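Please look over the sequence and the structure before reading on.

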Amino acid sequence: TAIVANDVTQVFNAPRGMADSAVAAYILASSLFLAAYFARGDRTSRMMALLMLAGILQTKNEGIAWAAFATLFIVIFELRSGLYKLAASSGIWVLLAAAPWTLFKHIHQLTNGPEEQMASLQTIRLESLLRVKTILMAHLTNIGPYSLPFLLVLCGPMIFYGWRWISKPVLALLAAQFAAYLVIYFVVADQIHQLSFMLRALSQLSPALLCTCMIAWQARRETAQVAAPSPLPVASADV
């Protein structure tokens, strides 16, 4: 909660009525429950993760992508574990959670995606390198807490040294969500508007990434402490 609340981007956008803070909180909570479920097969963590996915579905379009990716990961994990009924119930649960809002949008003919005009294939082909350069410059010059350079410097070593302990499915899930944001950036015509979206999108993922890395780093330290030989007892001298 503190990480979400102290993100500069979240603080700036919250009074403007944007739902990025809620998305960040749902991604953070569902990531931690998913990490516990993938590591220990804890059914309580599974149920809590599904509840968080049901919440993020109703929050923002980005939440639909996250819920879809997360559900896919859950179903694959359960199928590989031979839990076929559980896998079916996970998929049905998320579909039922998505049904009310989807039906509401259909009845009232609300837009199902970005209102901005989509870029043509010719535009994407001509501007692809320019868009890559623009997004890199925007992220790399935005030095500060929760910026891309900050996350790379802080999380990079923790991922490298804590690779054995980090939740790889959650890390892959965060990468898939960021890849979806990149796709949106390239297919929408208005490059300036989508650039601000990309900066906000990073703040949706940063709390979960930070917590996932810190949990792995703490597990690494605890393992090292257990493996370290205990010091020999010092014999007390008789006085």
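Which residues are buried in helix 5?

## Helix 5 and its surroundings

The model is predicted, and in it helix 5 covers residues 61–80, a run of 20 residues that reaches 29 Å from its first C-alpha to its last, close to the 28 Å expected at 1.5 Å a residue. The residues buried in helix 5 are Glu62, Gly63, Trp66, Ala67, Ala70, Thr71, Ile74, Val75 and Glu78. An α-helix has 3.6 residues a turn, so residues three or four places apart point the same way.

The buried residues of helix 5 pack against helix 3 (20–40), helix 4 (43–57), helix 6 (84–107), helix 9 (168–187) and helix 10 (191–227). Just after helix 5 comes Gly82, which takes a positive phi of about 80°.

Met47, Leu51 and Trp93 make a nonpolar surface patch of about 230 Å². Of these residues, Trp93 has its place in helix 6, and with a relative accessible area of 31% Trp93 is partly exposed.

A search of the whole structure finds 0 disulfides, a bond for which two cysteine sulfur atoms would have to lie within 2.5 Å. The sulfur of Cys213 has its closest cysteine sulfur in Cys155, at 3.9 Å, which is too far for a bond. For Cys211 the closest cysteine sulfur is that of Cys213, and at 9.4 Å it is also too far for a bond.

Both cysteines count as buried, Cys211 at 15% relative accessibility and Cys213 at 0%.

Methods: Residues are numbered from 1 along each chain as its sequence is written. This is a predicted model: local features need pLDDT of at least 70, side-chain atom pairs count only at pLDDT 80 or more; totals for chains, interfaces and linings use all residues. Side-chain values use heavy atoms; hydrogens and water are left out. Buried means under 20% relative accessible area, exposed over 50%, partly exposed in between (1.4 Å probe, protein chains only). Helices (H or I, at least four residues) and strands (E, at least two) are DSSP runs, numbered from the N terminus. The expected span of a helix is 1.5 Å times one less than its number of residues. Contact means heavy atoms within 4.5 Å. Patches are made of residues with over 30% relative accessible area and no salt bridge: like charges are joined within 9 Å, nonpolar side chains (Val, Leu, Ile, Met, Phe, Trp, Tyr) within 5 Å. Accessible areas come from the Shrake-Rupley method with a 1.4 Å probe; for residues, only the protein chains shown count as cover. A salt bridge is a side-chain nitrogen of Lys or Arg within 4 Å of a carboxyl oxygen of Asp or Glu.
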